[in-house]
Amino acid sequence: MDSTRAPVAFGRWDVPLLFGRLQQPEAAERLRSLASLCDLMRDPERLYRTVTGGFLEQLQDLLKDEDPSVRSKTCELLHLVTAHSIGRQAVLSSSLLPSLSQLLDDSSSSSRINALRALNCLALLPAGADALLCLVPKLMLKLQQQDGEDEDDGDDGDEEEVLLLSTISCCSRLDALPALASDGVSLLGRKLTRRSPEVRREAAASLMELSIPVEGKRQVCEGAVLPVLVGLLQDEDVDVRTNAAGVVMNVAIITAGKLRCLDLDVVPVLLDLLSKRLEEDERSKALVLYSLRALTALAEAPDGRRLLLQQLPLLARTTEARHPDIRRAAQTAVRVVTWTP
Amino acid sequence: MASSSHGHKHSNGLYTFSSRPRPVDSSSKCREPSSERTQYNYGNIMYDRRVVRGNTHAQHILPTTAQPDPAETQKQMIKKRAAARKQAWKQWRLRTPEALQGRKHIDVQTELYLEELSDHIVSTHAECQTDAFLDKPSTPLFIPAKSGKDVGTQIEEGELFDFDREVQPVLEVLVGRTVEQALLEVMEEEELACLKAQQRAFEELRHNELAEVERLQEQERRHSEEKERRVAQQKEVLKKERETAEKIAARAYTQQYLADLIPAVFTSLRNHGYFYDPVEKDIEMNFFPWLMAEVNNTLEKRYIAREMLDAIICDVTEKRLEEFKELDTQSARDWQV
């Protein structure tokens, strides 16, 4: 028998029995029961029974347990629960969210990471993102704390950052104002220069969400973020490039953005991206689209139009691409470039 | 009693009794007259002395009509009285004549079967008791008589079944189930990945379209702003033109107005005497006042002289008057004297 797992009863009695064991005073016993529960929760049927049986409320006490390994295991269990929509709804409707968010300040990193994972899964749901909107300032604060830590923190710190950033980007998809209000742009700008590509990708994705409202666009223009982004357009990772192109696309919509982008000489870079990626790679389709849109936006400024008129053949070639979206975007671009007042 | 209820109908006519059931009357001494016996005095049948209770074997045979008397203390008296009455009655009762000599009257039973009458009932006690249960002795072992021959056998290793062959289906099932579960999980993961990819595609499309929409919005806004500006500019231009036209008109008018301003000015100035001959002015300014002053002086001198003269004359005349007055008075005094 596996000594790290408690014995599991047969049939319908397995989950209630294990939950009953969770009340025991010994921490090791609780840990074993939690480990067994984690294994069991991967089965959707059991998950459904757990959720409808209302056992999740007992986890509330465990989240405040003294033993850190118990806490982290409970968070892992919650992460598994949030993998299914029923579990997500149950967690949202129960009062587990405040306790989870308190765990973000926990001393042990594994419980922090697991809590972040659970919150991340929750944030993928619009209702969950709605509930987590009030947590966004706290998450930004945590990001700032991460910033102050040592650069070579290792994988753990990176993973925390990645999770934090992805949660923030999911919440900002719904409503970007709280993140903007807590000075999100400058904070994320700093994250753009981190070593690990995941962090950069998530930071760029969050910036893309943040730059959708007009306020965000203005902030991105005013901050020193744009040069970094233009630099990121030539990053190795495709996703980072895609997200950076997305931010540029959003920013170039306002006039100030256009001028700044043209100042930074972004047009050749984008054209370069276009010409390299005309093949039918799924991942790069987004890149092509974003670059096309960015170019379209830039073409509305007279300087941009002049530059792009010279590159008209390249754009014309893009209109023969196979994907209908790309074709449409290229046609719009051509139309804008050749427009006269 | 039965006749009185004969033909009595039940109140609602459902059933008719030939003899209506009634409870037994309690034969008490304080009996109401028969006219008031509509309300029956029900007596409790359990306490009715007429009902025979208990062991009937020890009863008095043919009990005489004893008066029922509830009072215990009067029982003996009543008994005595009863005995006395009985005695008295015995004397007056018609009796059978005495038996002849040598004969005796005895009571005889005349029924078919003779019965021994006695007070003392012969009774015997009889008891019966079952024996205590004895343990059933154990059944002896049934050993059937031996029949047939004795034969022995032994199963060697590998003769009954081949483990490898037998275990195959079990293994297949186990492995199959495991693999099936794994496949399910992998399919689930694939499905999740598919969903994620779909979500990503949707997100990209959404961003795209959002950017496009915003760009178009911006364009619209800019165009409209541009239009506004152009219109404003045009308005400015128009206003300026109008102002210029007004200015030109004003200028022409003032020019015309001011054309004959100068002669008019000069004329009016001349009329007001601003252009003068200096010599004439000088004569007027300086010479004439001096002349007038001199004339005034001379005239004044003359006036002063005349005044002085007047004064002198006045003085003289006054003095003369006074002298004349003195003379007058003197002469008057003189005359009086």
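Let's start at A:Glu57, which sits in helix H4 of chain A, residues 56-62; helices here are DSSP runs of H or I with at least four residues, strands are E runs of at least two, and both are numbered from the N terminus. This is a predicted model, where local features need pLDDT of at least 70, side-chain atom pairs count only at pLDDT 80 or more, and totals for chains, interfaces and linings use all residues. Residues are numbered from 1 along each chain as its sequence is written, chains are lettered from A and ligands numbered from 1 in the order in which they are written, and side-chain values use heavy atoms, with hydrogens and water left out.

Back to A:Glu57: its relative accessible area is 43%, so it counts as partly exposed (buried is under 20%, exposed over 50%, partly exposed in between, with a 1.4 Å probe and protein chains only). Leaving aside residues up to four places away in sequence, A:Glu57 touches A:Ser94 and A:Ser95, where a contact means heavy atoms within 4.5 Å. The C-alpha atom of A:Glu57 is also 9.3 Å from that of A:Val91, 34 residues apart along the chain.

Now look at A:Thr74, in helix H5 (residues 68-81) of chain A. A:Thr74 counts as buried because its relative accessibility is 0%. With residues up to four places away in sequence not counted, A:Thr74 touches A:Leu34, A:Leu59, A:Leu62 and A:Leu63.

Zooming out, chain A has 23 helices and 0 strands. Of its 341 residues, 55% count as buried. Take the contacts in chain A with a separation of 6 or more: 72% of them join residues 24 or more positions apart. Chain A exposes about 14500 Å², with 52% supplied by carbon and sulfur atoms; such areas come from the Shrake-Rupley method with a 1.4 Å probe, and for residues only the protein chains shown count as cover.

Over on chain B, a nonpolar patch on the surface is formed by B:Val279, B:Ile283, B:Phe287, B:Phe288, B:Trp290, B:Leu291, B:Val295, B:Leu299 and B:Tyr303, with about 830 Å² of accessible area together. Patch members have over 30% relative accessible area and no salt bridge, and nonpolar side chains (Val, Leu, Ile, Met, Phe, Trp, Tyr) are joined within 5 Å, like charges within 9 Å. A salt bridge is a side-chain nitrogen of Lys or Arg within 4 Å of a carboxyl oxygen of Asp or Glu. B:Tyr303 belongs to helix H4 (residues 278-336) of chain B and is partly exposed, at 46% relative accessibility.
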